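Please keep the structure open while reading.

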Amino acid sequence: MIGGLFIYNHKGEVLISRVYRDDIGRNAVDAFRVNVIHARQQVRSPVTNIARTSFFHVKRSNIWLAVVTKQNVNAAMVFEFLYKMCDVMASYFGKISEENIKNNFVLIYELLDEILDFGYPQNSETGSLKTFITQQGIKGQHQTKEEQSQITSQVTGQIGWRREGIKYRRNELFLDVLESVNLLMSPQGQVLSAHVSGRVVMKSYLSGMPECKFGMNDKIIIDKAGKGGVTNEAGKSTSGKQSIAIDDCTFNQCVRLSKFDSERSISFIPPDGEYELMRYRTTKDIILPFRVIPLVREVGRTKLEVKVVIKSNFKPSLLAQKIEVRIPTPLNTSGVQVICMKGKAKYKASENAIVWKIKRMAGMKESQISAEIELLPTNDKKKWARPPISMNFEVPFAPSGLKVRYLKVFESKLNYSDHDVIKWVRYIGRSGIYETRC
Amino acid sequence: MTDSKYFTTTKKGEIFELKAELNSDKKEKKKEAVKKVIASMTVGKDVSALFPDVVNCMQTDNLELKKLVYLYLMNYAKSQPDMAIMAVNTFVKDCEDANPLIRALAVRTMGCIRVDKITEYLCEPLRKCLKDEDPYVRKTAAVCVAKLHDINAQLVEDQGFLDTLKDLISDSNPMVVANAVAALSEIAESHPNSNLLDLNPQSINKLLTALNECTEWGQIFILDCLANYTPRDDRESQSICERVTPRLSHANSAVVLSAVKVLMKFMEMLPKDLDYYSTLLKKLAPPLVTLLSAEPELQYVALRNINLIVQKRPEILKHEMKVFFVKYNDPIYVKLEKLDIMIRLASQANIAQVLAELKEYATEVDVDFVRKAVRAIGRCAIKVEQSAERCVSTLLDLIQTKVNYVVQEAIVVIKDIFRKYPNKYESVIATLCENLDSLDEPEARAAMIWIVGEYAERIDNADELLESFLEGFHDESTQVQLQLLTAIVKLFLKKPTETQELVQQVLSLATQDSDNPDLRDRGYIYWRLLSTDPVAAKEVVLAEKPLISEETDLIEPTLLEELICHIGTLASVYHKPPSAFVEGSRGVMHKRLPARTGSGESTESPDVGAAGGSAPEAAPSIIPSQGDLLGDLLNLDMAPPTTSGPPPPSTGMQMGGMDLLGGGLDSLLGGDIGGSPAMGAGFGAAPAVMPASLNAPVGGGLGDLFDLGGVGMPMGAYIPPKIVWLPAMKAKGLEISGTFARRAGVIQMELILTNKAMSVMTDFAIQFNRNSFGLAPAGPLQVLTPLGPNQTIEVSLPLSTVGPVMKMDPLNNLQVAVKNNIDVFYFSCQYPISMLFVEDGKMERQVFLATWKDIPNDNESQFQIKDCHLNSDAASSKLQGSNIFTIAKRTVEGQDMLYMSIKLSNGIWVLAELRVQAGNPNYTISLKCRAPEVSQCVFQCYEAVLKN
């Protein structure tokens, strides 16, 4: 199991050190500093073995978080734990920075005592942690016995993510479908790989212990429903285009997985406030909102001509926003001249790229940029690697085609029904890694 | 309020200042002081001098202050054991507190204070806390048992805490169950033989129920524990799998990977024709792909595991090539792992895409990545024949870039392509030679020299090229020196007239001026060969090379099986067994995948089911990478065993040399070297007629001296005792008993004929029905004198294997007709197939490797030989007596693995892997053969030979 956890600043100074196992000595702190933080080369692996001691690390801005162990621990668990640890800290005091860590070191020790015991991750739900780990410390003494046992039963209980007795005057629910569409395209316009990774993020302000059921246009469910319906024909005509094939999905721990496995229905008691209900991935029938057509021509040894056309490929009534096209330039660029029909384009020498920004663009439109790049003559034999042209954008629909069909809320003990809940649904499609080789 | 100021107290005399503040009356000031102490402790200052003062602050009702003091205690109690006793009272009192959070805090902290005296006081509070009414306290106490066990294992046993912990597995609270499972698993690891966890269907059921309810971390503990269980049969295995699969949709990647581990392990037990089996295979792919959209560190862990899974079950991800394409922004460690998996998944169907990608990668910036990409192109050429030409032209394009390390890497892989497809791409040699000067890495130089030597007759200035290397002979690395020596000898054999001087020069450099024993030895061997018999030298040095295998750096099957049992853990990230990086007793236990058992069979004899031929599991399908095996066998191998590519070309030839000296001359010259796999391949299900090769036995003495496989002097072949084939009752008084033997390469049927009738018998004759291996009498039955009543005669009948063939059932059934003056009698008998094992059945190691990989896994069968008390050497020499030849022996963690070959009289080759564990009387044997029907008979022979 986890033997110890250290947090360092960028210089390698220890900010937090908590040792859980006897086999980890103080020298482990230095070993990591010397061999990883101060190492001359780039980090080649997130797992390092130094003198039969294994170090796992992640970096958040300038801060290194390292887990040490001498045993054959579950490596995936260690990293999941480190990410979780970062989430917990962030929800307590915001950004993970040297200053924030120093300011909250007592709190961090207190958290580390609670979420890891003898190196075994315990409870890491911020919702329940915040009920008894506060910086007002003294609270413990003033709690009634009921309150105390309520805390412990929530921490250890089956529904550790929600406490009882939540009340809202207005029961409200916000549902965001956030997708990032990823693309790798060849210069000839062939899709080398494309996938959408999506998340369903919810903000729920519901009273009591509501039971929720979430439905979307998942092909498997709709096909199933179609079969059970009046006629097969009718089932097909409704499901036909509108359903999507989900390659895989993962759920927040509040979702009953065995129920999903057997009936493919998504039912859960939601945490209070904001949380990520599910993640999913699709690869079939993705709507690629933009197409990038690059044309790079080398004119002699000292000049490059670049022309890039972008085409928007969605309903003309919709508007894409925050469009940014990044065209890489060689390292020996001496000057760039850009002409674009729409938006603004600039050569950024520090980033070795031409950055072309367009605020808004409607569907089924086309726009173009052309640039002349002057190069300094070099005797470097190595050719320019031609990194891909990348794109950023935001569109108000889900590129995977996912649609929310329903979200039902049942709370039997309190007297509000599904109709009384105000529900908001929003779709946002963003670019993930959206690249076209040139 | 900010706490960062505590980090900045560096004044002199601060200890005194702190001391004063700690003893202050004001609560706030006290707390401030403790915070300063903790901050100093964090940055590594020694504040142990303040121990009594800090402990004095412990008696407080401020929870925050209490926790800080506890933190201090955990750090320094060990260095101040006597003082630590002062804290005991507070702990004991806190364990009785009304607030469950405080009770838990006390028991949690006490367990972390590793002082013997304190542990004694800990027992009573711990016992109470284990039975506390509050689940939060119980779950903390469960972990505390593991802590205490780590300090004083005996105490935990004496106090009966282990039983209490076992009871907690049935607790109503899932988190308590999960922590109890974690604690028990850890304790069980240090007592490998104790039946602590005592997993049985009932307890498994409890765990599976808790699995649905506990936290993500608890699910990991439970799944990891489940993975240690071995279900009784396939039905149980399937029902566990069904209940674990929903976990594949969990948001936590570690839960997913641990579930994959359980499924991969239990799948071993499911019959492959089961519908559920293929459903399960399909279910595994999507979650594995999803892991690749996690954060980069987790992607890395996932990719290392996928690398193992792809080797074990390639079918799971064979259609998912695209997701392993490298993204421009991937961290380098993710890129390198993806590349590895891409090569493993490359096939004819996707090779065009893969090549296009690899070419793209070869222009990237990172040197390691580019090298690996270039190497990957070469591996594609070797793996997918149709793509070879495109790969070669891609490599030539890359050589044109003149980027130094690209050129060198390309040359190394082109050498391998030459090995795989001889006489096909030699047109590129000219281009390669142009780059001779830019090569500065030993591996690239050695590869280039090999190419020049191998194709010396087609390179006009080969002698000049090689001579240019010779100038700095002593500055070269051993690898290059050895290669240069061989290349010049090859050149000499091909163009003897012009190069006499050169060869003498290199021989004297190698033998007289060098200190390297390998180099000297090789030099002397060549020298002697050339001076005694140039013709033989030619046959040895220029012998046809065996094929190189398609897959490289595969993990050997036993290790792979073990690593599959460790999916998700560090072992799977390092690709090493836990014993390689964990100290002490933990994790030393070797895990293995379960063997398949049919549900109908009794659990006591699982091997019976497998031996019964009910589609035995084709578990180990590969052989350790060539480099390793050869490295073990012959220290002459010039490449370090860790090279990832195929072994350097000279190895095969060098081994040819060894075999020659070892007395294997006959087989070498007999054209066996290239022919044997093909010969084996020619035999489908029904053995065709094939001239029996009754070669003289291979010369013994010298051969055995050189045989590093550890085979002793051959013993006599096993001859089964005579049994009655034809009782007198059935044959009008003629009784025939007999057996079969193989003596000096001749198969003999040894018969005893007894006349139990009252009259004299004459005119004996014998005939065989057509049979599986074409056995037929090679001469008449020699019974010259009439057989009188109650007389007995022993005759031995030589047999040939050129008779007509018909497949019999069982395979080794022989129907015989014996005639005498009275009547014709029919009987059938079974011959041990071992008498068909010919004397030249010793396969070349290289050929063995290639053949083993070549034979599809479906043809592999596994058997167990029980109660055999020979050690591996004795077994091997016993088997050799019956023409079962040990080709190589490896010892992996106490387990001897013998690789053996057998050749049947009709040319069928049978390859075997025999695993012998010291102290375990049960051997496991895997047989691979193109005609899998013979496996059963061969196995019977093994059993018969080893037990007699």
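The sections below go from a chain overview to a sheet and then to some helices.

## Overview of chain A

The model is predicted. Chain A contains 10 helices and 23 strands. Of its 438 residues, 55% are buried. The accessible surface of chain A is about 20100 Å². Carbon and sulfur atoms account for 50% of that surface.

Contacts in chain A can also be sorted by sequence separation. Take those between residues at least 6 apart in sequence: 71% of them join residues at least 24 apart.

## An open sheet in chain A

Chain A has an open sheet of 5 strands. The strand order is 2-1-5-4-3, and the pairing is antiparallel. Which strands stand at the edges? They are strand 2 (14–19) and strand 3 (47–50) of chain A. Each has a single partner strand, so one side of each lacks a neighbour in the sheet. From one strand to the next, the twist averages 20°.

Strand 4 (residues 53–60) and strand 5 (residues 63–69) of chain A form an antiparallel pair over 7 bridges. In strand 5 of chain A, A:Val68 is the residue opposite A:Phe55.

## The helix across the sheet

## A helix pair in chain B

Helix 28 (residues 517–532) and helix 29 (residues 534–541) of chain B pack with their axes 6 Å apart. The angle is about 135°. Helix 28 of chain B is therefore oblique to helix 29 of chain B, since roughly antiparallel would need an angle over 145 degrees.

Which residues meet here? Helix 28 of chain B brings B:Tyr526, B:Leu529, B:Leu530 and B:Thr532. Helix 29 of chain B brings B:Pro534, B:Ala537, B:Val540 and B:Val541. By class, this contact of helix 28 with helix 29 of chain B has 7 nonpolar residues, 1 polar residue and no charged ones.

## A covered helix in chain B

Is helix 38 (residues 845–854) of chain B mostly covered or mostly open? Helix 38 of chain B is mostly covered, with 8 of its 10 residues buried. The buried residues are B:Arg845, B:Gln846, B:Val847, B:Phe848, B:Leu849, B:Ala850, B:Thr851 and B:Trp852.

How values were computed:
Residues numbered from 1 in each chain as written. Chains lettered and ligands numbered in written order. Predicted model: local features only at pLDDT ≥ 70, side-chain atom pairs only at ≥ 80, totals over all residues. Heavy atoms only, no water. Axes fitted to C-alpha atoms, helices over the stretch in contact; angles between N-to-C directions. Helix = DSSP H or I, 4+ residues; strand = E, 2+ residues; numbered from the N terminus. Parallel < 35°, antiparallel > 145°, perpendicular 65-115°, else oblique. Contact = heavy atoms within 4.5 Å. Nonpolar A, V, L, I, M, F, W, Y, C, P; charged D, E, K, R; others polar. Pairing = 2+ DSSP bridges. Buried < 20%, exposed > 50% of the residue type's maximum accessible area, 1.4 Å probe, protein only. Areas by Shrake-Rupley, 256 points an atom, 1.4 Å probe, with all protein chains shown as cover.
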